[in-house]
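Visitor: Hi, could you walk me through this structure? I'm new to reading them.
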Amino acid sequence: MQYEGRIFRPPSEADSLILQSTVGCSQNGCAFCSMYKEKKFHIRPLADVCADVDEIAAGPWAHAFSRVFLADGDALMRKTEEQLAIFSHIYARLPRCGRITCYASPASIRAKTQDELEALAAGGLNMVYMGLESGSDAVLSRMNKGATAAEIILAGQRVRAAGLRLSVTAIIGLGGAEGSEEHAKKTGEALSAMQPEYIGLLTLMLEGEEPLYSDYRAGRFAPPDQAGLLRELRTLIAHTDSEGSVLRANHASNYLNLRGTLNADKPRLIAELDAALAGRRALKSEWMRGL
Ligand code: SF4
């Protein structure tokens, strides 16, 4: 099985079979993202995707995978009936597989009717990973996300109403130093409105390939400093009311690894951030933040 270009997956899909259903990202314009810049978005032929499944099923890995993650960035852009055919094929050919997940852009969710989302859940899609990035429209617009906060919130709510589990990602630092507080508060409010099962918090990293990097180099975008990022994370958590959501800020990009279940663990998470801000908790070194 050969992949087209670089492959990305959420940290929690480390043990999953990565099956490339689509290539690239249909939006591919977010200023902070370089993941699929070298790829032109397209949907792989159904027969090719099923052939990949058959190849795994015929080899020594047939019983190795209990989970499948559909790459790349926008697997839900495929027609629903084809999605369902892929799910059936996976479950028929990979006997240990009990879970299928994928990334889902707000646009790809918007393109599905509620009946289609429910059919995907009934057909064996368990969870989607959706990028909120920020709950602030000013930040989303500046970052060219291609959707407003209200549109992303609605997409998340529809996913949950369809019976799918939802994992939402937001990016600490995306509002810059200037917009940090609004970004934190609005992101917490947006997460509260969606009540996702999982919340993943990353920290902005600019490595040179992202369009935002040139703004940073030219002085048009200034990210918060390390203390500012910790304060922003504190504000975000304080403004998130999402009972039962598992919150993880343990991505390689974060200076401080945090994990807890809301709302019960909020006081502890905030106390950990306060300890870090007071210098009582060691932070990750810059060289350890590599992805
Ligand atoms: S952040 Fe997501 S939607 Fe935006 S360009 Fe990257 S993969 Fe596409």
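Guide: Let's begin with a term: helices (H or I, at least four residues) and strands (E, at least two) are DSSP runs, numbered from the N terminus. This is a predicted model, in which local features need pLDDT of at least 70 and side-chain atom pairs count only at pLDDT 80 or more, while totals for chains, interfaces and linings use all residues. Residues are numbered from 1 along each chain as its sequence is written, and side-chain values use heavy atoms, with hydrogens and water left out.

Visitor: OK, so where is S245?
Guide: S245 sits in the loop between α9 and β9, the strand of residues 246-249.

Visitor: Is S245 buried or exposed?
Guide: S245 has a relative accessible area of 1% and is therefore buried, given that buried means under 20% relative accessible area, exposed over 50% and partly exposed in between (1.4 Å probe, protein chains only).

Visitor: And what does S245 touch?
Guide: Leaving aside residues up to four places away in sequence, S245 touches Q195, P196, E197, I199, G260, T261 and L262, where contact means heavy atoms within 4.5 Å.

Visitor: Switching topic, how many aromatic pairs are there?
Guide: The count comes to 6 aromatic pairs, with rings of Phe, Tyr and Trp (its six-membered ring) pairing if their centres lie within 6.5 Å; planes under 30 degrees apart count as stacked, over 60 as edge-to-face and the rest as tilted. In one of them, F8 and Y36 have ring centres 5.5 Å apart and planes at 85 degrees, so this pair is edge-to-face.

Visitor: Where in the chain are F8 and Y36?
Guide: They link distant parts of the chain, 28 residues apart, with F8 in the segment before β1 (17-20) and Y36 in the loop between β2 (22-23) and β3 (42-43). F8 counts as partly exposed at 22% relative accessibility, whereas Y36 counts as buried at 3%.

Visitor: What surrounds the ligand, then?
Guide: The residues around the ligand are C25, Q27, N28, G29, C30, F32, C33, Y36 and K145, each with a heavy atom within 4 Å of it.

Visitor: Last one: which helix gives the largest share of the lining of the largest cavity?
Guide: That is helix α9 (residues 226-238), which supplies 3 residues of the lining.
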